[in-house]
Amino acid sequence: NVTLTIDGQKVTVPENYTVLEAARSAGINIPTLCYLKEINEVGACRVCVVEVEGARTLQASCVLQVQDGMVVKTNTKKVREARKAVVELMLSNHKGDCTTCERNNKCELQSVANDLGVKEVAFEGEMTETYEDTSSPSVVRDPGKCILCGRCVSVCSKVQNVGVLGFTNRGFETIVTTAFNKDMRDVPCINCGQCIAACPVGALKEKEEIDYVWDAIEDPNKHVVVQTAPAVRAALGEEFGLPMGTRVTGKMAAALRRLGFDKVFDTDFAADLTIMEEGHELLDRLENGGKLPMITSCSPGWIKFCEHYYPEFLDNLSTCKSPHQMLGAVVKSYYAEKNGIDPKDIYVVSIMPCTAKKFESQREELQSTGYADVDSVLTTRELAKMIKQAGIDFVELPDEDFDEVLGESTGAAVIFGATGGVMEAALRTVAEVVTGKELEKIEFEQVRGVEGIKEATINLGDKEVKVAVAHSTGAASKLLDQVKSGEKEYHFIEVMGCSGGCVTGGGQPHVTMKDRMTKDIRKERAKALYEEDEAKTIRKSHENPMIKKIYDEYFGKPNGHKSHELLHTHYVK
Ligand code: HC1
Ligand code: SF4
C-alpha cells in the first residue's frame, strides 16, 4: 500500500491504483470522459487533470500511478479552469441538439459540463463536416456528436477483437470511423453494440424500430405478439430509477399488456425449447461421431464473428436457431394453427438486450414459415422509451404473468441471460437424459462467474464431457485459437458475444460512470437472474409442462423432422 495526500486528506490505497481511483476511494469525484476502466485508460481528454506538488504541468489522474508521499490537489482554480476549457473546446465541435438527442439526461458530456459550470460554448465557429451513417441494421453512427474519447475504438478492438472502428485524419479533421470511411453495413462489424454501451454521448446508438411497432399495434388487422429475453428483466428497472439488479419480470409483463400487445410471451419458453433441441443435438454428436466441439449458436454477434473471423468453425455451431427466433417460428406455425390465425397477419416483436438481434431477425436463413420468424427487435432501452411515451408509471405497476403456453418457463431458461447460463441449463437436462437419474445438485457453479474463459469436466454416467464457456468475442478468439492449435480439447463450448453475457448486451440501459467505478454490472444483473432461477418451482427445461405439451401435440421429438424445419438452421458464409 501507499499513502498520499489528496486535498489535504491522507489516503492509503494499493500501489497499483491511479490517482483517479485513489480519489474516488476517498469520496472525491474527479470528472472523466475518455476513461473506461481497464479498456480505455489513455489520458486523452484531460478532463480529469489534477495538480501534483512538484510537477510543472497538470497531470491526467486516470493514468497517473499513486506514489508514497504524493501531494495532490483536485480542486484548485487552475484545475477547474483547465477542465472547463477542455469541455468548452469539445462543445464547440459537438452537435448540441440535446433535447432531441438519444442521450439527453444520460449523456456524460452533458453532466460533466453541468458539474463544471460551463455556461456558454466559448469557441463557436466552424464544425468538422460529418454525416450520420444509418446503413447498419443495428448500429447508427453520428460522428457529429463524437468527442474523440476513443472508448468505442478500444472496446471494439481490445474487448471484441473486431477492430472496425479507428481514428482517421489529423488535427481538427480527426474523426472516429471505419476503414476508408465505409458504411457500417460494408465492414465486418458484428453488430454487438458494445461500442454503443461504451459511448459517453449520442454518437453511437441502436437503429430504432419503435415506430414500426406502434404502427403494428394500431393496425386492427395485425395480431401483435411480444416476447422478452431473459436479460431484459434484470435491467429494465434501471431506466425507471430502480437499483441495478432489481428484477422486474412481473412489471414488465404488465407494461407490455398496457402498451397494447395482443399476447405477451416469454423468450424463456423458447430457451427451454432450445435446451431440448441443443441437448439432444449434443448427445447425437457425441454418440454418432458428429462434429465436435459443438458450439452454442444463440448469440448473433458471436455467429457473425464466427462467419467473418473463424469460418473454419461454422460446422461446429449448433444448428439450433436462437431462442427468440425459435419462438417466432413457433408463433407463426403451432400458435397460428391452434388459434386459426393466418401467419401473414401475425407481427412478432422481440424485446432484447442485444443490438445484433436486429440484424439476426433480418437474416434470410431465419424465415421458416415463409415469413420472417421475428418482425421487429427492440432493445431494452427502446422498450423503456415506449413505456415512457405511453405515460405508464412503471414503478407502480402490479406484477403480472406472461400469457399461457408460450409464456411458461423454468429456472434453466432464465439463466441464459448470464454467461455460463446456457451451458448450465444444457447440463441440467443432458445429465438427466443420459443417466436417467435425477441430479442431486442442479447448480453447476464451475461455469458461473465473470472470468473470461471457464472450463469444467462433467461426469455424465460413464462419459466425461469437457466443456468451456467464453464471453466477449475477444475471449472466444483466445479459446478458439487454443482449440485450433490442439492445445485444448472440448466437447461443448458456450460462446456469448458480450462480456458477461446478455445482461450486458449492447441494448441494455446505459450505466453512469459512477456506477461503472463502483459496481461490476455483469455480476449485479446476473444476480437477478440466478435469484429468479432459485425462485422457480421448475428449474430444468425438460420438466416444463408446456414443453412436454408442444412435443406431444406438434413436434413429436427433439431433433425430429418438424423441429428441423422450424427450429434449426444452417449458417453458410
Ligand atoms: Fe440472450 Fe438468448 S440468452 S441470446 O443472451 O439465447 O439477446 O437475454 O434472449 O434468443 O433466451 C439475448 C438474453 C436471449 C435468445 C435466450
Ligand atoms: Fe465494433 Fe461491435 Fe460496435 Fe460493430 S457493434 S463497431 S463490432 S463494438
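1. Residues are numbered from 1 along each chain as its sequence is written, while chains are lettered from A and ligands numbered from 1 in the order in which they are written. Because the model is predicted, local features need pLDDT of at least 70 and side-chain atom pairs count only at pLDDT 80 or more, whereas totals for chains, interfaces and linings use all residues.

2. Ligand 1 is surrounded by 20 residues, the closest being Ala229, Ala231, Cys298, Cys354 and Cys502 (a residue is near a molecule if its C-beta atom, placed from the backbone, lies within 6 Å of it). At least two residues of this shell come from each of α8 (267-287) and α10 (323-339), with helices taken as DSSP runs of H or I with at least four residues and strands as runs of E with at least two, numbered from the N terminus.

3. Around ligand 2 there are 14 residues, of which Cys156, Val162, Cys189, Cys192 and Cys195 come nearest. The elements giving two or more residues to that shell are α4 (151-159) and α5 (194-198).

4. An open sheet is formed by 4 strands in the order β11-β10-β13-β14, with parallel pairing, where two strands pair if DSSP finds at least two bridges between them. Its edge strands, β11 (263-266) and β14 (376-379), each pair on one side only.

5. Within this sheet, β10 (residues 223-228) and β13 (residues 346-352) run parallel and are joined by 6 bridges; His223 has Ile346 as its bridge partner in β13.
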